[in-house]
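Please look at the sequence and the model shown here, and then read the notes on selected helices and loops that follow.

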Amino acid sequence: WRANDARKVAEYEATRARAVGEFLAGGLFATIRDDVRQVREMPIKELLDRAAARIPEQYASDPDTKRDLHLAMAKAYLSLDYTTEADAQFAAADALIVEHAGPADERRLSIAAKRIVASHVAGRLRNDVERYERLSAQVVPATDEGRRAARELQRELVRARLFLGQSDLAKEKAQQLLAAGDQGDAEDRTDSLRLLGLAQMKLMEVHDARNSFAQALEARRRLSGPRSRRPLPLLCNLALVDIDGGRLDEAETHLREARSIANEWLRESAGWRDAVEAGFAMLAHHRGSSDAAIRSLQGVIQRARLDSPGNPDGASAEFVAFLATLYNDVGRHEEALAVLAPLLRTQESLLAANSLDLQRIRLEQVRALLGTAAPDVARPVIADIRAVIAGLLDDRQPLALMTASLAQRVNDPGRDDGRRLALAKALYARHPSLRGMPSAVAAVQ
């Protein structure tokens with residue numbers, strides 16, 4: 001009887017697969033196939049919209065096929081960057097699973113991982129991430145496929161926390177992934193190591209971040225081979241860590257290899273090509289060529305905006321924040337304020353209010369305001385930053401020290417706090433990464 005049941009399941013799965021294939025191959029054009037010219041001239045999104053609209057009615061009596069079609073349409077939309085439409089299809093598929101299999105079905109995990117991407121692009125990540133955290137905790141997978149989906153969701157949640165600037169939480173979750181679920185899967189472990197390195201880098205744990213990135217790069221080379229483009233992100237990460245650590249020659253070696261890979265895989269690596277050139281700008285800055293670094297970074301930001309004409313603020317927030325830092329370093333504070341104003345509007349709508357990344361950007365705003373002799377405007381900003389980080393950081397951590405130093409300059413510029421200055425010098429000596437941070441330099445000076 002078990003063999004008979006297995007045969008019936010296999011026949012049903014094959015029938016469902018054929019239905020999905022037939023719909024995608026022919027049904028997509030069913031309502032307009034009589035007018036070939038109309039099909040040729042019709043935008044691809046309109047074709048997808050028409051097909052998606054037909055699914056609920058045409059497959060009303062077959063929820064499994066309907067779910068599979070919603071998933072297929074979601075992937076098609078997502079591949080063309082129609083994230084809102086993709087999320088609607090993922091939501092429809094998820095609702096069918098809940099209706100027919102219950103809220104604890106493990107197939108929801110894979111859908112949730114993909115919906116996080118849509119939430120990110122749509123600017124809803126801050127509101128949606130807790131919902132996906134609850135789902136991750138509630139659904140216990142029973143199959144290998146379900147466990148892989150659970151790990152995929154966990155890694156997307158780590159990325160979400162990093163994007164929201166919640167680096168301490170991201171680090172904790174990445175460590176849990178490495179300790180619990182990723183030992184047996186080299187690809188998963190490599191990805192989790194990189195996520196851990198990113199969290200450590202944001203927390204200024206430079207030595208630990210470098211170790212994580214180096215382990216991930218070694219594993220990536222073994223998995224992908226010598227001609228792959230997949231080591232590219234890790235080479236960029238290692239370069240930034242080495243720049244922060246004062247290992248400029250090693251950073252240049254990583255950046256040159258990354259540039260070679262980006263040029264070889266030009267079409268697939270356009271975004272990373274900009275990251276590589278931004279890395280070279282950072283390297284030039286640390287070698288004392290700030291004007292050249294500014295020109296290079298301005299070019300990177302301009303290219304990023306041309307690549308996203310519908311999103312004039314589409315350049316990486318990190319690129320723009322770094323440009324503001326460079327402007328402040330060379331005394332061009334008005335220009336720093338000009339690039340920070342739209343950046344802050346965007347980031348305040350995306351990031352958590354207690355995001356450390358947001359506070360770093362606001363510290364650059366304070367530096368620019370001080371440079372333009374506007375301490376009264378800077379005073380409430382620095383007070384708010386101090387209130388946010390007070391509950392997050394020990395007062396001896398670098399970001400807290402930078403904030404305290406700038407607060408002193410804003411509130412009592414003539415005061416000489418010997419204890420704080422001694423602490424700044426000691427911390428600066430122990431943490432080579434601070435040598436590249438203008439706010440830390442200002443604290444020591």
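## Glycine 331 and the helices around it

Glycine 331 lies in the loop between helix 16 (317-329) and helix 17, where helices are DSSP runs (H or I, at least four residues) numbered from the N terminus. This is a predicted model, in which local features need pLDDT of at least 70 and side-chain atom pairs count only at pLDDT 80 or more, while totals for chains, interfaces and linings use all residues. Residues are numbered from 1 along each chain as its sequence is written, and side-chain values use heavy atoms, with hydrogens and water left out.

With a relative accessible area of 44%, glycine 331 is partly exposed, a class that falls between buried (under 20%) and exposed (over 50%), computed with a 1.4 Å probe on protein chains only. Although glycine 331 and glycine 371 are separated by 40 residues in sequence, their C-alpha atoms are 7.1 Å apart in space.

## Two helix pairs

Two packed helices are described by the angle between their axes and the distance between the axes. Here the axes are lines fitted to C-alpha atoms over the stretch in contact, and angles run from 0 to 180 degrees between N-to-C directions.

| Pair | Axis distance | Angle |
|---|---|---|
| Helix 17 (residues 333-350) and helix 18 (residues 356-371) | within 9 Å | roughly 150° |
| Helix 7 (residues 125-138) and helix 8 (residues 144-163) | 10 Å | about 150° |

Helix 7 is therefore roughly antiparallel to helix 8, a term used for angles over 145 degrees. Helix 17 and helix 18 are likewise roughly antiparallel to each other.

In the contact between helix 17 and helix 18 (heavy atoms within 4.5 Å), the residues of helix 17 include Leu337, Leu340 and Leu344, and those of helix 18 include Leu358, Ile361 and Gly371. By class, this contact of helix 17 with helix 18 has nine nonpolar, four polar and four charged residues, where Ala, Val, Leu, Ile, Met, Phe, Trp, Tyr, Cys and Pro count as nonpolar, Asp, Glu, Lys and Arg as charged, and the others, Gly among them, as polar. Among the residues that helix 7 brings to its contact with helix 8 are Val129 and Tyr132, which meet a set in helix 8 including Leu153 and Leu157. That contact of helix 7 with helix 8 has seven nonpolar, two polar and three charged residues.

## Helix 12

Helix 12 (residues 232-244) has 13 residues and reaches 19 Å from its first C-alpha to its last, close to the 18 Å expected at 1.5 Å a residue, the expected span being 1.5 Å times one less than the number of residues. Helix 12 is mostly covered, with twelve of its 13 residues buried, including Leu232, Cys236, Asn237 and Asp242. After helix 12 comes glycine 246, whose phi is positive, near 80°.

Conventions. Helices (H or I, at least four residues) and strands (E, at least two) are DSSP runs, numbered from the N terminus. Angles under 35 degrees count as roughly parallel, over 145 as roughly antiparallel, 65 to 115 as roughly perpendicular and the rest as oblique.
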